Amino acid sequence: MEIRKITEDELDYVSAICLDPSIGSRQRKAMQDAMTARIQWLRRMMKKGLQILVALEKPRQEKVHYKWAGDMNHADLAVRGKVPKGLLEFVPIELAPEPVKGKNLLFIDCIWVLPPFWHTGVAKGLMESFLCQAKEYGGASVLTYEGDKWFGTSFDYMPASFFKKFGFRDADRDGSRVLLFLDLGAGKKPRLIHPKARNFGGKNEVVIDALCNSQCPWSGWMVDQIKRNAKRYPRTSVNVVNSDDRKVVEEFGLSRGVYVNKKPAVKRMAPWKEIEKAIEESRKNSWEA
């Protein structure tokens, strides 16, 4: 397995990993525009210091089992003559697209390994390669979660336990959100920017603020779910808030998530069922007030 930093000309590796074969047609359609926006965002951010490590291997003439997609040919996953197995994306923490603040640290935006290559050392290899660079920078940080599942599926969402194996420790918390820190000379811990409720003057109505950004195309899927399903609720409106601008992240204390009637309801990307529950609770409280 080869792990290396990719260039702007090799972002098709990223597309192949983000929109992998396990994604259904409806999801893929909803995420296409978001993926295009992600590539554009990556190009801009790479000029400012964002880097992407990709794990690659030579295609093999054998079958692999792909969770949620079934069996497929290993060689069919190839891009540019190599099979991308996973990626790790990071930026200087001052540019982080998440609600965090700190200095002299690298911040992990995302680490993702394609399902056929889970539990084969890919994530470990990506982390070890990343930490070599973090040592030169002063340390590392990552926003993780405890007890949360990715879009209601069976696997943990950026689990804190994984990163703690590499020496990361708690720096700040907000419910299930856990900001971790690995001190390699930086000294000062990073901190979370916590979301805050704001005044809501409406009555007998529901206003949803759906925060999304270009860092992850799954934002597009979350927004698509909200727009489609919110139509079933009378007197309900949806505002899509793009958080590519750090000022928006700092204002809301979220980069991806949902406010309902100006109160933080879901502090990460979530399936519609979870968002619906927050909407119903808000409607009940508004009607009883």
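**Cysteines without bridges**

Analyst: The structure holds zero disulfides. The cut-off for a disulfide is sulfur atoms within 2.5 Å. Cys 216 is in no disulfide either. The cysteine sulfur nearest to Cys 216 is that of Cys 110, 6.3 Å away.

Are these cysteines buried or exposed? The limit for buried is under 20% relative accessible area. Cys 212 counts as buried because its relative accessibility is 11%. Cys 216 has 13%, so Cys 216 counts as buried too.

Keep in mind that this is a predicted model. The mean pLDDT of the chain is 91. In all, 96% of its residues reach 70 or more. Strand 2 has the highest mean pLDDT among the elements, at 98. Helix 7, residues 272-288, has the lowest, at 78. Where pLDDT is low, the predicted coordinates should not be read in detail.

Now look at strand 12, which spans residues 206-212. Asp 209 has its place in this strand. Asp 209 is buried, with a relative accessible area of 3%. What does its side chain meet? The side chain of Asp 209 makes a polar contact with the side chain of Lys 262, at 3.3 Å. Further along the sequence, Asp 209 touches residues that include Asn 239, Val 241 and Tyr 259.

Next, helix 2. It covers residues 25-46, which makes 22 residues. From first C-alpha to last it reaches 30 Å, close to the expected 32 Å. Helix 2 bends by about 45 degrees at Met 31. Met 31 is also one of the buried residues of helix 2. Others among them are Ala 34, Arg 38, Trp 41 and Met 45. Residues three or four places apart in an α-helix point the same way, because there are 3.6 residues a turn. What covers the buried residues of helix 2? The cover includes helix 1 (12-18), strand 2 (51-57), strand 7 (106-113) and helix 5 (218-230).

Helix 3 makes a second example. It has 16 residues, 122-137. Its reach is 23 Å, close to the 22 Å expected. Its buried residues include Val 122, Leu 126, Phe 130 and Ala 134. Gly 138 follows helix 3, and its phi is positive, near 120 degrees.

Technical notes. Residues numbered from 1 in each chain as written. Predicted model: local features only at pLDDT ≥ 70, side-chain atom pairs only at ≥ 80, totals over all residues. Heavy atoms only, no water. Helix = DSSP H or I, 4+ residues; strand = E, 2+ residues; numbered from the N terminus. Expected span 1.5 Å × (residues − 1). Bend = angle between axes of the 7 residues up to and from the residue. Buried < 20%, exposed > 50% of the residue type's maximum accessible area, 1.4 Å probe, protein only. Contact = heavy atoms within 4.5 Å. pLDDT = per-residue confidence, 0-100. Polar contact = N/O pair within 3.5 Å; in protein donor to acceptor, adjacent residues only side chain to side chain.
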